[in-house]
2 protein chains.
Amino acid sequence: MRFKSFMATLETLNIDAFLVSDVKNVYYFTGFRDVSNSALNLLITPKDEPILLVPMLSFSAANKNAKNCIVIGLNFGEKNIDKLFALIRNLRAKTIHFDSLPVQTYVKIIKMLDIFFVPNPELVMALRRIKDQTEISYIRKACELASIGVNAGMEAIKPGVKEYEIAATMEYAMRRSGSEGTSFETIVASGPRSVYPHGMASTRVIQKGDLVTLDLGATYAGYCSDITRTVVVGVSSSKQSQILDLVFRANTEALHKLCAGEKAKDIDSVARGILTQEGYGKYFIHGLGHGVGLSVHELPVISPSSQDILEDGNVVTNEPGLYIENFGGVRIEDTVLVKKDRAERLTDAPYFL
Amino acid sequence: MRFKSFMATLETLNIDAFLVSDVKNVYYFTGFRDVSNSALNLLITPKDEPILLVPMLSFSAANKNAKNCIVIGLNFGEKNIDKLFALIRNLRAKTIHFDSLPVQTYVKIIKMLDIFFVPNPELVMALRRIKDQTEISYIRKACELASIGVNAGMEAIKPGVKEYEIAATMEYAMRRSGSEGTSFETIVASGPRSVYPHGMASTRVIQKGDLVTLDLGATYAGYCSDITRTVVVGVSSSKQSQILDLVFRANTEALHKLCAGEKAKDIDSVARGILTQEGYGKYFIHGLGHGVGLSVHELPVISPSSQDILEDGNVVTNEPGLYIENFGGVRIEDTVLVKKDRAERLTDAPYFL
């Protein structure tokens, strides 16, 4: 089905072949999932059966699990690039597009082969931005697992505990419940570290009065989730409560506006407007959200400069955040399914302790 | 120190500037570590102070933690590529090499700027293959953590337990002890799945008599480790014992031969020779090992076609494996430090239950 629709696109665009080398895209088309650094090459043409070229150590698994394509295993010692050249030559193609290659491989190919060879990752990403029912069920599960993680993390936060111990607790809770791993490096950013949007869990010891930001994702059947909660350890100061309430309001109002047909940048500006009105706009130093799927960052993008229009079947994050030096950081994030007439929040952990 | 030696190399090679975009390389040079998908650009020239360009949301952390360079934060909304163009133009450079970029960015740059722009990731990887004392201490710690994980996994293996539950137990044990995450997707491949070298932990239920391969890595201060053990659940069959002993012998003999000055391919052939002599060579479908450092796969490569010579300060894996359809798979792997006159095994989990 995914092959068919993509092959029709190739035909329409007069692209003779498309080379897929991103392991996530290979999984998307074939159902065969390999470790992230595996050297896979999938050649798709408008008419013929797709060909999946895999290293010998992946052949047995690929041959069993890859659907709707011919699987060719390299012999041990045979060079991937040589076999790929042979396959491409065999196509007698003039125009080949591809998703992702090291620049050195790209340069080799354009030197060796007389073809138009065009980087075009967007062609697959355009398909991936609309999720089908199966994908939505996987993401829904990944979001449930992430919520389990956050709940466990909130319970673990107390003075004297180290950030990485909280990360350990959250990841274990998710993993025991069926998560395959994390969508990205788990963030536990406490106290002064909370101003770092990317504050990966460190050895810092949690203290009373800290703001603690937990940002994590589970994966299920290869699909990601993404959730952030920020809590105060013990009694909040009035400034902490004020900022938490403000960011929560930005999150909530943006969620109400999120719906197919809306411009992504208008959703960003709902949240940004609320923060700006209260004088905090300059501390919101990233976009409101991003698509989530096989990658934790994909299309559409929700930011002031985005040209994207939201569509039924997009899955996006909604994550307003403020990062104020000498105060701390607060971010509240959900993963959200965009529907025809509304948005459904998929991450359902409580917002406050 | 790392900057200085690299800048001297640039001068010697008449390279006017080097653009580093791989976040691991940025960490290697500056000590600033960001999440893996962050858009960082580090410009190094032979003479001037290096410039690190970061998105606004990474500025606060980069400004605090990046050493020996000027940190420039993009304003929110400012395009990375525009600022990068301005910085490159300002250098008035003729020849710029780089480590890693999307092909689309590469194509844009060679179209827009009148420079020789050359992919050359090897120049940094050549530095990274020799580890200094600090790096060795980090890898040593990552290996200790991985061994803790394997020990916990071996205890958890029993009939009725699911593969991913064993993965959860191992990852939690490592994380609680200070691991920052996993070097790669944890492999728990049991029964018929043990023939998959990349058999990521699934929902399969462990059964009596299964071969179970555990392959995992911890990370510490950004540095990786890599260890594999294969065990039998309950009493081994004589064939299982025979194959386990054989692979163990290949691992042990290769370790004895591992030493600075040796050709990497000769170490591979020690292990491969033992397996081949017993008639199992064709089931050893990958190289014997790979370098380990900030990446779990780096230089040198230990395989039949490798041209690498082992050097004092290399850290490599030693991982013979046999994958036999209708029987199962066995792999035994250690992370090993290459020294002047011998090799030191850094992963010290027991080999058998």
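**Figure 1. Helix α10(A) is followed by A:G279, whose phi is positive, near 90°.** The model is predicted: local features need pLDDT of at least 70, side-chain atom pairs count only at pLDDT 80 or more, and totals for chains, interfaces and linings use all residues. Residues are numbered from 1 along each chain as its sequence is written, while chains are lettered from A and ligands numbered from 1 in the order in which they are written. Helix α10 of chain A covers residues 264-277, 14 residues in total. From first C-alpha to last, α10(A) reaches 20 Å, close to the 20 Å expected at 1.5 Å a residue. That expected span is 1.5 Å times one less than the number of residues in the helix. Helices (H or I, at least four residues) and strands (E, at least two) are DSSP runs, numbered from the N terminus.

**Figure 2. Several elements of chain A cover the buried residues of α10(A).** The buried residues of α10(A) are A:A264, A:I267, A:D268, A:V270, A:A271, A:R272, A:I274 and A:L275. A residue is buried if 20 or more other C-beta atoms lie within 10 Å of its own, exposed if 12 or fewer, and partly exposed in between; the C-beta atoms are placed from the backbone. The cover of these α10(A) residues includes α9 (238-257), β13 (298-302) and β15 (321-324) of chain A. Contact here is between residues whose C-beta atoms, placed from the backbone, lie within 7 Å.

**Figure 3. Chain A has 10 helices and 18 strands.** The radius of gyration of chain A is 23 Å, close to the 20 Å of the globule rule for 353 residues, so chain A is as compact as a globular protein of that length. This radius is taken over C-alpha atoms, and the globule rule is 2.2 Å times the number of residues to the power 0.38. The C-alpha trace of chain A spans about 70 × 40 × 35 Å along its principal axes. Of its 353 residues, 49% count as buried. Among contacts in chain A with a separation of 6 or more, 64% join residues 24 or more positions apart.

**Figure 4. Chain B can be laid on chain A by a turn of 180°.** The RMSD is 0.0 Å, and the shift along the axis is 0.0 Å. The two copies are thus related as by a two-fold rotation axis. The superposition is by least squares on the C-alpha atoms of residues with pLDDT of at least 70 in both copies.

**Figure 5. In the interface, 41 residues of chain B are in contact with 41 residues of chain A.** On the side of chain B that touches chain A, α3 (56-65), α5 (103-112) and α8 (163-176) of chain B each supply at least two residues. α8(B) gives the most, with 8 residues. This side of chain B divides into 22 nonpolar, 13 polar and 6 charged residues. Ala, Val, Leu, Ile, Met, Phe, Trp, Tyr, Cys and Pro count as nonpolar, Asp, Glu, Lys and Arg as charged, and the others, Gly among them, as polar. The copies meet through the same surface, because 100% of the interface residues of chain B are also interface residues in chain A.

**Figure 6. The largest nonpolar core has 207 residues.** A nonpolar core is a set of buried Ala, Val, Leu, Ile, Met, Phe, Trp, Tyr and Cys residues joined through C-beta atoms within 7 Å. Those with the most contacts inside this core are A:L52, A:A142, B:L52 and B:A142. Not counting residues up to four places away in sequence, B:L52 touches B:V26, B:T30, B:L40, B:L42, B:A62, B:A66, B:C69, B:I70, B:V71 and B:I72.

**Figure 7. A:D312 sits in the loop between β13 and β14 (315-318) of chain A.** A:D312 counts as partly exposed, with 14 C-beta neighbours inside 10 Å. Leaving aside neighbours within four places in sequence, A:D312 is in contact with A:A260, A:V338, A:K339 and A:K340. A:G77 lies 235 residues from A:D312 along the chain, and their C-alpha atoms are separated by 47 Å.

**Figure 8. The peptide bond from A:L299 to A:P300 is cis.** Its omega is near -5°. A:P300 is found in strand β13 of chain A. In chain B, the bond from B:L299 to B:P300 is cis, with omega near -5°. B:P300 lies in strand β13 (residues 298-302) of chain B.

**Figure 9. A:N68 has a positive phi, near 60°, in a residue other than glycine.** The loop between α3 (56-65) and β4 (70-73) of chain A holds A:N68. A:N68 is partly exposed, with 14 C-beta neighbours inside 10 Å. Phi of B:N68 is positive, near 60°. B:N68 is in the loop between α3 and β4 (70-73) of chain B.

Technical notes: Two residues are in contact if their C-beta atoms, placed from the backbone, lie within 7 Å.
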